[in-house]
Protein chains: 2
Amino acid sequence: MSQDWRERKKARTRERIQREALRLFGEQGYDETTVTRIAAAAGVSHTTFFRYFPTKEDVVLADEYDPLIEAAMRSRPDSEDLVERVRNAMAEGLAAVYAADRDALLARVRLLLSAPALRSRLWEQMQSTQALLERSLAGTDDPAAVPMRVRVVASACLAVLTTAITTWGDEGGTADLPELVDEAFAQLRAELS
Amino acid sequence: MSQDWRERKKARTRERIQREALRLFGEQGYDETTVTRIAAAAGVSHTTFFRYFPTKEDVVLADEYDPLIEAAMRSRPDSEDLVERVRNAMAEGLAAVYAADRDALLARVRLLLSAPALRSRLWEQMQSTQALLERSLAGTDDPAAVPMRVRVVASACLAVLTTAITTWGDEGGTADLPELVDEAFAQLRAELS
DNA sequence: GCTAACATGTTAGCCACTAACATCCTTCTC
DNA sequence: GAGAAGGATGTTAGTGGCTAACATGTTAGC
């Protein structure tokens, strides 16, 4: 009971900052919105902003997806080959997000596509997702022990997923994303046979 | 004749800045080396530094590879399928750099692997390389006219190339890079059949 | 109530990067 | 060969992301 009030207040402050930030980004663009401005809109100082989000980019890119993917990877049977396992795990995680949150996902993707700084940050995050995939596929915790074959698969699958999501965002979210992802994987397979 | 002296002087200044920068990065690390320090070592002011290189990252990432790849893509016969064309073009461009410049390439790769800021910048550059590949494969100049199939191929091939180069750098450059790239493509193909 | 813990604000500063202006040096013209 | 024009450079000052130090207020546990 003791810490509850504090935790809840902190969570609300965090949400307020994020909400105001996304609103301002949408209204005036990412680069044109300063951290100080966001902090003022949320009623805090810019130092407090940085106590909640280590960088400006993190307001957009709070990574909730890695745990999803990790769990999905664990539920994949060993009978599937490497690509199938990654493909299905990503599809599973994505389906959950997509069903719950389609519009928010689209807004986020479009923001990401609009600001170079955000895109580079995304790449960094994907690097950690890739490391996760590799460890999971290779069944080891030592990054140096991952064979190149596994790294090739992980990076290629992520590239395909990214391409599908990017295409989806470029088209304004008109298509069905899970279908697009399926299609993208099928296309790669078709090109390589 | 008139402008020659000026041009040559500028070229020398540019090289001096770059040389000193790479030396300092090697000695004390990328993040630990400030632009002002580099400028001082090169005997110029920090504003002059930025007149030669738009960002600190650009000292490391002057992109000479895209033109190579573009030329190589043009020399590929239409009889090859998409993946083969990209694969061979990249192999051709890489072979040239590798033969001429192996040690410099290795040093650069290792620097890239060491600094997150540089890596994200690399991703941005790869985005432009990917766009180039897509246009070349699709035979169009309109990015919106590129079918997803082509984008999937381009992004996956780049991912494979990057994985091979990264592996090479991680292993200290002991392997033969062109061979590694070949192997990486073969592995992806093997996993997808 | 008192004290320890903690969230926040203020201030000052670093660094990448930019703009404005003055200076100097080359180059071109007469 | 003197002077004007143009370009390269330095100085200064400023912005924005981000950090550290310290002071203050607010809550938690006794």
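Modeller: A residue is called buried when its relative accessible area is under 20%. The model discussed here is a predicted one.

Colleague: What percentage of the residues in chain A is buried?

Modeller: Chain A has 193 residues. With the cut-off of under 20% relative accessible area, the buried share of chain A comes to 48%.

Colleague: Which pattern does chain A follow along the sequence?

Modeller: Chain A holds zero strands and eight helices. The pattern is α-α-α-α-α-α-α-α.

Colleague: Of the contacts in chain A between residues at least 6 apart in sequence, what percentage joins residues at least 24 apart?

Modeller: A contact here requires heavy atoms within 4.5 Å. Counting pairs at least 6 apart in sequence, the share that joins residues at least 24 apart is 62%.

Colleague: Which residues have the most contacts inside the largest nonpolar core?

Modeller: The largest nonpolar core has 78 residues. One of those with the most contacts inside it is B:L105, which touches B:Y65, B:L94, B:V97, B:Y98, B:W168 and B:L177, leaving aside residues up to four places away in sequence. The residues with the most contacts inside this core are A:L105, A:W168, B:L105 and B:W168.

Colleague: How far apart are the end C-alpha atoms of residues 34-53 of chain A?

Modeller: UniProt, in an unreviewed entry, gives residues 34-53 of chain A the feature "DNA-binding region". Over these residues the chain is 75% helix and 0% strand. The distance between the end C-alpha atoms is 14 Å.

Technical notes. Residues numbered from 1 in each chain as written. Chains lettered and ligands numbered in written order. Predicted model: local features only at pLDDT ≥ 70, side-chain atom pairs only at ≥ 80, totals over all residues. Heavy atoms only, no water. Helix = DSSP H or I, 4+ residues; strand = E, 2+ residues; numbered from the N terminus. Buried < 20%, exposed > 50% of the residue type's maximum accessible area, 1.4 Å probe, protein only. Core = buried A, V, L, I, M, F, W, Y, C linked by side-chain atoms within 4.5 Å. UniProt positions renumbered as here; feature names shortened; annotations may be inferred.
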